[in-house]
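This report describes one protein model for a reader who has not seen it before. Please look at the sequence and the structure first.

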Amino acid sequence: MSRAANYEIHIKEDIPKQWLESFDTIHIKTTTTHSIVQIYLPDQAALHGLMARVRDLGLTLMSVQALQEEL
């Protein structure tokens, strides 16, 4: 059974603005080297869908980590 979780995802490039519009619970921080996405996802299927979008946009995935604390 898949459980909901908060995730922190590091992506090498800047995140396209239209990407933000389709998520209710997303926070993005931009550093000098990459973007950090913090997002609540209801299950593993949603995580896989998000990873497919990262791939389809041609973005470089650096890391994905499940977080324990609330966003």
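In strand 3, which residue is the bridge partner of His27? The bridge partner of His27 there is Gln38.

## Basis of the model

The model is predicted: local features need pLDDT of at least 70, side-chain atom pairs count only at pLDDT 80 or more, and totals for chains, interfaces and linings use all residues. Residues are numbered from 1 along each chain as its sequence is written, and side-chain values use heavy atoms, leaving out hydrogens and water.

Helices (H or I, at least four residues) and strands (E, at least two) are DSSP runs, numbered from the N terminus. Two strands pair if DSSP finds at least two bridges between them.

Four strands form an open sheet in the order 2-3-1-4, with antiparallel pairing. Strand 2 (26-30) and strand 4 (61-67) are at the edges with a single partner strand each, so one side of each has no neighbour in the sheet. From one strand to the next, the twist averages 15°. Axes are lines fitted to C-alpha atoms, for helices over the stretch in contact, and angles run from 0 to 180 degrees between N-to-C directions.

Strands of a sheet pair through backbone hydrogen bonds, either parallel or antiparallel.

## Pairs of strands

Strand 2 and strand 3 are antiparallel and joined by five bridges. A hairpin of four residues also connects strand 2 to strand 3. Strand 1 and strand 3 run antiparallel with seven bridges between them, and Ile11 stands opposite Ser35 of strand 3.

Strand 1 (residues 5-11) is also joined to strand 4 by six bridges, again antiparallel. Tyr7 has Ala66 in strand 4 as its bridge partner.

## Helix 2 and the cover of strand 3

Helix 2 (residues 44-56) lies across strand 1, strand 3 (35-41) and strand 4, at about 15° to strand 1. Of the seven residues in strand 3, six are buried, which leaves this strand mostly covered. Buried means under 20% relative accessible area, exposed over 50%, and partly exposed in between (1.4 Å probe, protein chains only).

## Lys12

Lys12 sits in the loop between strand 1 and helix 1 (17-20). Lys12 counts as exposed because its relative accessibility is 52%.

Leaving aside residues up to four places away in sequence, Lys12 touches Thr33, His34, Ser35, Thr60 and Met62. Contact here means heavy atoms within 4.5 Å. Between Lys12 and Gln68 there are 56 residues of sequence separation and a C-alpha to C-alpha distance of 23 Å.
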